[in-house]
Amino acid sequence: MTYELNLNYLKELERETVLQVLYSDQMMRKVDEERIRKLKMQLQQLRWKGAKSVNHEYQEKSCARCQKRLGLVMNRGAVCTGCSHRICSKCRVSLNPYRWKCTVCYANGNIKVKTGEWFFEERAKKFPAEGRHETVGAKLLKSYQKLSKISVVPPTPPPFTEITGGTSTVELNHSKSFNRSVENLFLSFTTHMKKISKSQNDMTSDKSLLTTDYGQNMDPRKERRSQSDTAISIASQIKNTPSLQKLITGAQGGKKLVTKRTSKQKEIPSSPTSDIVFSGGMKHGSLCSIDSTCSETGNFDNVNVTGEIEFAIRYIFKACTLEICIKACKNLAYGEEKKKKCNPYVKTYLLPDKSPQSKQKTTVKKNTVDPAFHETLKYKIEYSQLETRLLQISVWHSGTLKRRVFLGEVVIPLVSWNFEDNSTQSFNWYQLKAKPEKSDGNAVQYSGELTVCAKLILPSPYNTFQYEEKRREGTEDQVNSDGQLHLVVLGAKNLPMIRADGMLNSFVKGCLCLPGQREVKQKSPLLKKQACPQWKHLFVFKGVIPAQLQHSCLDLTIWDQASFGSNDRFLGGARLGTKEPPSPLESDPQSRLQWQRVLSNPNIWVNITLTLHPNTGALKF
Amino acid sequence: MTDGDYDYLIKLLALGDSGVGKTTFLYRYTDNKFNPKFITTVGIDFREKRVVYNSGGANGSPGKAFKVHLQLWDTAGQERFRSLTTAFFRDAMGFLLMFDLTSQQSFLNVRNWMSQIQANAYCENPDIVLIGNKADLSDQREVNERQAKDLADKYGIPYFETSAATGQNVDKSVDTLLDLIMKRMEQCVDKSQVSDTANGGSSGKLDSAKPEERKCAC
């Protein structure tokens, strides 16, 4: 439909009726999505059973389905007309006396019918511009939820929660082996195939981009570094754009806050090429992540840590830059003790962010245990952000064949760092330490950050002035005796990268869980192709009672809309609540404090930065 | 309410002028009951029914039985809901185009509804059955069977005279539509198979010869 369809023209009662129908339709769709997911899973399992890997070439004569050896004369198999694989006689399904297909091709056709994909394919021919799988009902509901101030969604049927919660990991695992197998490039429907090949193109073009960059820039690492810097800085810059102001006008406190922030914003010198660099930076970032996974996921050796490192930390307020000047190390342990070999380099992270954007490295010094670096590693980061970060400075030996050996580290909580004091800015020697035992397991899991700003609106006698003003502006329909919870989802950064280009099609779900298992849900609009999405979307939860809120929690989850199929991918989530979460992994005292501040200081906007957890856990959505 | 234990989800949509009996028709089909009261449908609604579909084997073999979940969309016939109801056309796999045998006007409007379908449905020639409802009210009849049959033939679609009151032809007309859709589905897949094999068409013949070779070798 080219025109925007909505339910606005209906009368209140009619709209209610239609919405009720749409909700029951939604329930039915969810049941069906679950059915389709199972079907696809079955097909995938069938594929894996016989998936030929790249290493086993076709010279090896075996049935592509059951892997049984094929004879030269007897049972030599035949080529399936669908997939062109050689298939033994047992793995065939005959369609008629003259035609057969291999089990997978048969299942493929079968699934296309059973999932209704045939219908979407046909429809896409007539309406190529429109959402392939989205139904009108779903669209209407979405647009309505966007408009409505509050929407009480009926409880989701159990199969659905199972989809989004439990199976996401399964699918992740699957996708790994998926890459391994050439067979799986045939995966399901033609559209999907197109998508895969397209993303591969993206990858290759990325690589070529990178290599040309290398050619122009003699120091590729440096270039990469500076670009990922801007990625951080831009993410923080976008946070305060004027449109936010528009969104929350009428709120006195909020107004002040925003203007203050924007004026601060102006101090940041914006580089003229930042946009271009930014996009480039993201692409590199995705490639970097491949590197970092090798070095971070235990693929390294340990030595007995000795030695010290000399560095200085300072914060350039004007440029919003954290600078770490790595001067030298001394008495380092040998990376390869037997050969007395050591090629040290220094790597830094601004924990808890372990994403490629947060990683910085010095150059590698050859054959020395007392290297002198004299290098400055920079992070563009807002000062307010620093107190949530740990600066991790680690020393590594770069061995042959990309072997990494951990030589020691220093971790500095920046919250206790006095950046205003000049004495702390001078160079100091720090003792290198071994990695704390199992520290990674207990560390807060991190899959990015979400910034929100929240306000509880209460019609209290002290604030009549504000209300009168609001009424005049017409932003408020009426003032209930109950309060309203306003929450602006500003934006997120350092979200997991799940696509080759690092871009996400993300949206936020908010679920206010009130006592008595009452849930109020809201959803932000979808932002397409952004690595650091800035939704700036206002959730309004009406009719809340402050006493209730003390026993409630607000779950915010970020999702990447599935490009095909039915399940949106969970990117990260966080809970706002006063109570200690059941799992210590989800504990975030900082945000709990801020949340308490929202509840105890009505009518004042409070900014909250949430650490996103990679697991849905107990989160509702 | 519903479980996912079915093989196909088929979405049908009933359309036609206001008061031709779409809602009662669907009510008869899903619940086998008749409600003579006229309650105008607000915008859209749907009903569900689980049926078993027997696909006739292509070469005389006994076909397989499939569980089919039918979602039957009911639309408001009133003009004021038009933009809403026609929007739902694009999600339907088949259409029950209904008119009232006791209203000449509702029959004349069939043409308009046809063009609405063509404009909004998922493809140019979706599966449709034409249904003349209220066949039980023979004394008030304004549309004769010949007329209606001719029109259906012109469009190349089946025609049924039904009665939600008596249940006459109600099941049959829906089953016919379902059958058309199931056949189209198979064709859709077959077509893509043919295009899959288009460049390797000759190898298909070769392959069928191979098992014989094998026999010889034994």
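Modeller: A crossing of two helices is right-handed if the near helix is turned clockwise from the far one by less than a right angle, and left-handed if it is turned anticlockwise. The model discussed here is predicted.

Colleague: In which sense does α4(B) pass α5(B), left-handed or right-handed?

Modeller: Helix α4 covers residues 110-120 of chain B, and helix α5 covers residues 145-155 of chain B. By the definition above, the crossing of α4(B) past α5(B) is right-handed.

Colleague: Is α4(B) roughly parallel or roughly antiparallel to α5(B)?

Modeller: The axes of α4(B) and α5(B) lie 12 Å apart, at an angle of about 20°. Angles under 35 degrees count as roughly parallel. The angle therefore makes α4(B), relative to α5(B), roughly parallel.

Colleague: How many nonpolar residues are in the contact of α4(B) with α5(B)?

Modeller: From α4(B) come B:V110, B:R111 and B:M114, which meet B:L151, B:K154 and B:Y155 in α5(B). Sorted by class, this contact has no polar residues and two charged ones, and its nonpolar residues number four.

Colleague: Which strands of chain B stand at the edges of its sheet?

Modeller: The sheet is open, its pairing is mixed, and its six strands come in the order β2-β3-β1-β4-β5-β6 (chain B). An edge strand has a single partner, so one side of it is left without a neighbour in the sheet. The strands placed like this in chain B are β2 (44-54) and β6 (159-161).

Colleague: What angle does the direction of α4 of chain B make with that of β4(B)?

Modeller: Strand β4 (residues 94-100) of chain B pairs in the parallel sense with β1 (residues 8-16) of chain B over five bridges, and B:L12 stands opposite B:G94 there. Helix α4 of chain B packs on this sheet and touches β1, β4 and β5 (127-133) of chain B. Between the directions of α4(B) and β4(B) the angle is about 165°.

Colleague: How many residues lie between β3(A) and β4(A) in their hairpin?

Modeller: Strand β3 (residues 92-96) of chain A runs antiparallel to β4 (residues 99-102) of chain A, and four bridges join them. One position in this pairing is A:N96, which stands opposite A:R99 in β4(A). In the hairpin of β3(A) and β4(A), the number of residues between the strands is two.

Colleague: In β13(A), which residue is the bridge partner of A:E308?

Modeller: An open, antiparallel sheet of four strands has the order β10-β7-β6-β13 (chain A). Its edge strands, β10 (372-380) and β13 (428-431) of chain A, pair on one side only. Strand β6 (residues 308-316) of chain A pairs with β13(A) over four bridges in the antiparallel sense. The bridge partner of A:E308 in β13(A) is A:Q431.

Terms used: Residues numbered from 1 in each chain as written. Chains lettered and ligands numbered in written order. Predicted model: local features only at pLDDT ≥ 70, side-chain atom pairs only at ≥ 80, totals over all residues. Heavy atoms only, no water. Pairing = 2+ DSSP bridges. Contact = heavy atoms within 4.5 Å. Axes fitted to C-alpha atoms, helices over the stretch in contact; angles between N-to-C directions. Parallel < 35°, antiparallel > 145°, perpendicular 65-115°, else oblique. Nonpolar A, V, L, I, M, F, W, Y, C, P; charged D, E, K, R; others polar.
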